[in-house]
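Welcome! Please take a moment with the sequence and the 3D view below before reading on.

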Amino acid sequence: MSLPRVAAALLCFVVAAAASARAADPIVIRFSHVVGENTPKGIGAEMFKQRVEERLAGKVEVVVYPRSQKFNDDGALLALLFGDIEMAAPSLAKFRRYAPVLQVFDLPFLFKDVDQVHRFQQSEIGQQLLQTMLPVGILGLAYWDNGMRVVSANKPVRVPKDADGLVFRIEPSAVFLEQWARVGAVGIPMPFKRVTDAIREGLVKAQENAWSNIYSRKIHTHHRYFTEINHTFLGYMVVTNQDFWESLPEDIRSALEAILAEVTVEVNRLAGEQADGDRRKVMETGTVEIISPSAEEIALWRDALMPVWKQFEPDIGKEVIEAAVAAAATK
Ligand code: SIN
């Protein structure tokens, strides 16, 4: 064989080998989130990765980017739409731009506890909400829990008038902005990764978050007072890019959905345990005070905050709010 023909044959071989390697390349799922690995969502993302890579070895790989390493939540949703990542799990308070109806989860005192949240999420309307961002190409796959939001501040906040004049870091929720304005406080929306610095630098004097986020971001080393008003619940929607999900081979997609369903049960079980555990750890530092308002004091909070329901009713939809109230009340 002449030299040029050998070279051509070699080239064909290399191209064919590369093509066959590409054909066998695993599907890569990049999962970006903003919290620590030791929180319910962080643990859930890792658990999802492990189970996927065990059961779909060689077929699917999951790369987890925790702690806003890659994107904050706003950026993650855009990245999902542009195909820069395949999965994310932002807090339910972060979807307003894509689906105003999801603000139902932000309404104060709608859910008393996680069982009530679950009843609504599992209801017909709750399940439909997973599909509410399809017009923009975002598909909701599951709901994950964290816990009830706790208010922390550099002064005791027991009743609404104690919040007057306080500057709060809030998630980018119009409901939260309005809620705090109702008691004379100012809400500044800010990405999660900025919270601790903003408190340390005195930009904000208060914030609201779940115990696992408070503990993992060491908020208790800056704030002394923690108030359990139980006004809102911090939970997540695990989301993907609809086109990506629908492009997956049927068997892979069902396997991923089955794994996600299992992981969801685990995450939601351990979120409750972790809320108690991280609350205890914060208390055991001995440097904080946990304030549990009395029933009368909670009634003052309800009177002050609940008028935001009416204000957001046109955005959310009366029937959705009523469905949430009904699901929460059902035993
Ligand atoms: C999260 O739990 O994902 C972050 C919530 C926040 O922004 O406070």
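This is a predicted model: local features need pLDDT of at least 70, side-chain atom pairs count only at pLDDT 80 or more; totals for chains, interfaces and linings use all residues.

Residues are numbered from 1 along each chain as its sequence is written, and side-chain values use heavy atoms, with hydrogens and water left out.

Let us begin with the open sheet, whose six strands follow the order 7-6-8-5-9-11 with mixed pairing. Strands (E, at least two residues) and helices (H or I, at least four) are DSSP runs numbered from the N terminus, and two strands pair if DSSP finds at least two bridges between them. Strand 7 and strand 11 each have a single partner strand, so one side of each is left without a neighbour in the sheet. On average, neighbouring strands are turned by 25 degrees against each other, direction ignored. Strand 9 and strand 11 run parallel, joined by three bridges, and Tyr 225 stands opposite Glu 289 in strand 11.

Helix 6 (residues 174-181) packs on this sheet, touching the strands below (contact means heavy atoms within 4.5 Å).

| Strand touched by helix 6 | Residues |
|---|---|
| Strand 5 | 150-153 |
| Strand 6 | 167-170 |
| Strand 7 | 186-189 |
| Strand 8 | 206-209 |

A polar atom of the Thr 196 side chain lies 3.0 Å from the backbone oxygen of Arg 217.

Notes. Axes are lines fitted to C-alpha atoms, for helices over the stretch in contact, and angles run from 0 to 180 degrees between N-to-C directions. A polar contact is a pair of N or O atoms within 3.5 Å; within protein, one must be able to donate a hydrogen and the other to accept it, and residues adjacent in sequence count only if both atoms are side-chain atoms.
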